[in-house]
Amino acid sequence: MDTATHITMGVAIGGLATLDPAVQQNTDLFHAVLIGAIIGSHAPDFDTFFKFKDNATYIRHHRGSSHSPLAVLLWSLLVTFSIYAFYIDIPWLNLWFWVLLSVALHVLVDIFNAYGTQALKPFVNKWIALGWINTFDPYIFGLFLIGAFAWILGADPSMTYLIVFFVVFLYYIKRFFDKKEITDILQKHFPNATKIITQPTIHHNTWRVVIETPDYYFVADSDHGHIDINDTFKKNALPDTTEMNAAFQDENVKAFIDFSPIYRYEIDRFDDYVEIRFIDLRYRSKGHYPFVAVVTLDKFYNVLTSYTGWVYSEEKLQKKLEPLS
């Protein structure tokens, strides 16, 4: 989920915590829990600081180890005892419970969008991305915002947020069936499909989908159940060549391959170098595929330059590869 939704969810957990008699009766504990829930609901995304190093590190680690079961425990303890240092007279176990819930809920809801997490790491290193919920879902954000306004206007926070969380739960169930309906339609049209990836958009009934068959990739939109094929790509196996093996040793390419579940590649040969481009098919935007990895090799298969990340124009991509120019 996006930062704004995580924060409003933290506020919601702080309000829900008034169900706890200890929180009801202790103003300091309530304040500590509210602060801890807000911080805890965002804590796993503190790994965003990897962005300051480079894109490959960020892509490889964002929503990776920081969202694992061990990290959930460590984040909750770190936030709890950081706050407890300022509220030493409160029962820390009550504080820890609500902070732990906020951190765990952060990881749980991230599983349902197309980006996903490595929530089972190190037991399973696979990315878990169910593709039911958009990274920013205005309905979910709106529900938590309504709960916050109701609380400000004097509504009982525990009952208000019990209702809000129940409605959000029902909404998740609805989105599960929305996705199932789309995948059922696609499986009828593509009975030989080996993989179907869904990506909900901010518009409730509009989805981006990618279908993989033994021979082709199909990139499509689904609008109210109507499927429009935007692009069709011939599926080519990755060549077992020296230049491709050299590309796979590059850190930017490794990060891209680890993260992307469905991509195609292009090889362009020039007089002095070879450019190999890997293109993630999930993120089509205005006819463009912005999430890529590009590596250039000299005639001895040494990496000249490389890049991975989101680039929305060819001009900007070439600027990322400036050492060649």
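# A walk through the predicted model

The protein chain contains eleven helices and eight strands, where helices (H or I, at least four residues) and strands (E, at least two) are DSSP runs numbered from the N terminus. This is a predicted model, in which local features need pLDDT of at least 70 and side-chain atom pairs count only at pLDDT 80 or more, while totals for chains, interfaces and linings use all residues. Residues are numbered from 1 along each chain as its sequence is written, and side-chain values use heavy atoms, with hydrogens and water left out.

The C-alpha trace of the protein chain spans about 75 × 45 × 35 Å along its principal axes. Of its 325 residues, 48% count as buried; buried means under 20% relative accessible area, exposed means over 50%, and partly exposed lies in between (1.4 Å probe, protein chains only). The protein chain exposes about 16200 Å², and carbon and sulfur atoms supply 62% of that area. Accessible areas come from the Shrake-Rupley method with a 1.4 Å probe, and for residues only the protein chains shown count as cover. Among contacts between residues at least 6 apart in sequence, 52% join residues at least 24 apart, a contact being heavy atoms within 4.5 Å.

Helix 8 covers residues 157-189 and includes Leu162. With a relative accessibility of 38%, Leu162 counts as partly exposed. Apart from neighbours within four places in sequence, Leu162 is in contact with Leu16 and Leu19. Gly147 is 15 residues from Leu162 along the chain, and their C-alpha atoms are separated by 9.7 Å.

Helix 10 (residues 251-259) has Asn252, Val253, Ala255, Phe256 and Phe259 as its buried residues. These residues cover an arc of only 160° around the axis, so they lie on the same side of helix 10. The arc is that of the directions from the helix axis to the C-beta atoms. The background is helix geometry: an α-helix has 3.6 residues a turn, so residues three or four places apart point the same way.

At the start of helix 10, a side-chain oxygen of Asp250 comes to within 3.0 Å of the backbone nitrogen of Asn252. Ser306 is buried, at a relative accessible area of 17%.

Aromatic rings come next. Rings of Phe, Tyr and Trp (its six-membered ring) pair if their centres lie within 6.5 Å; planes under 30 degrees apart count as stacked, over 60 as edge-to-face and the rest as tilted. By this rule there are 28 aromatic pairs. Phe176 and Phe177 form an edge-to-face pair, with 5.1 Å centre to centre and 75° between the planes. Phe176 is partly exposed at 34% relative accessible area, and Phe177 is partly exposed at 48%.

The rings of Phe233 and Tyr289 are also paired: their centres are 5.9 Å apart and their planes stand at 70°, so the pair is edge-to-face. This pair links distant parts of the chain, with Phe233 in strand 4 (residues 226-234) and Tyr289 in the loop between strand 6 (274-280) and strand 7 (291-297), 56 residues apart. Both Phe233 and Tyr289 are buried.

Ring pairs also link a cluster made up of Trp127, Phe248, Phe256, Phe259, Tyr263, Phe278, Tyr283, Phe291 and Trp310. Arg282 lies over the face of Phe259, at 4.9 Å from the ring centre. Elsewhere, the charged end of Lys234 sits over the ring of Tyr216, 5.1 Å from its centre. A charge sits over a ring if NZ of Lys or CZ of Arg is within 6 Å of the ring centre and within 35 degrees of the ring normal.

Two loop residues remain. Most residues other than glycine have a negative phi. Lys286, in the loop between strand 6 and strand 7, has a positive phi of about 55° although it is not a glycine. Lys286 is exposed, with 86% relative accessible area. Tyr301, in the loop between strand 7 and strand 8, has a positive phi of about 70° and is not a glycine either. Tyr301 counts as partly exposed at 38% relative accessibility.

Conventions: A polar contact is a pair of N or O atoms within 3.5 Å; within protein, one must be able to donate a hydrogen and the other to accept it, and residues adjacent in sequence count only if both atoms are side-chain atoms.
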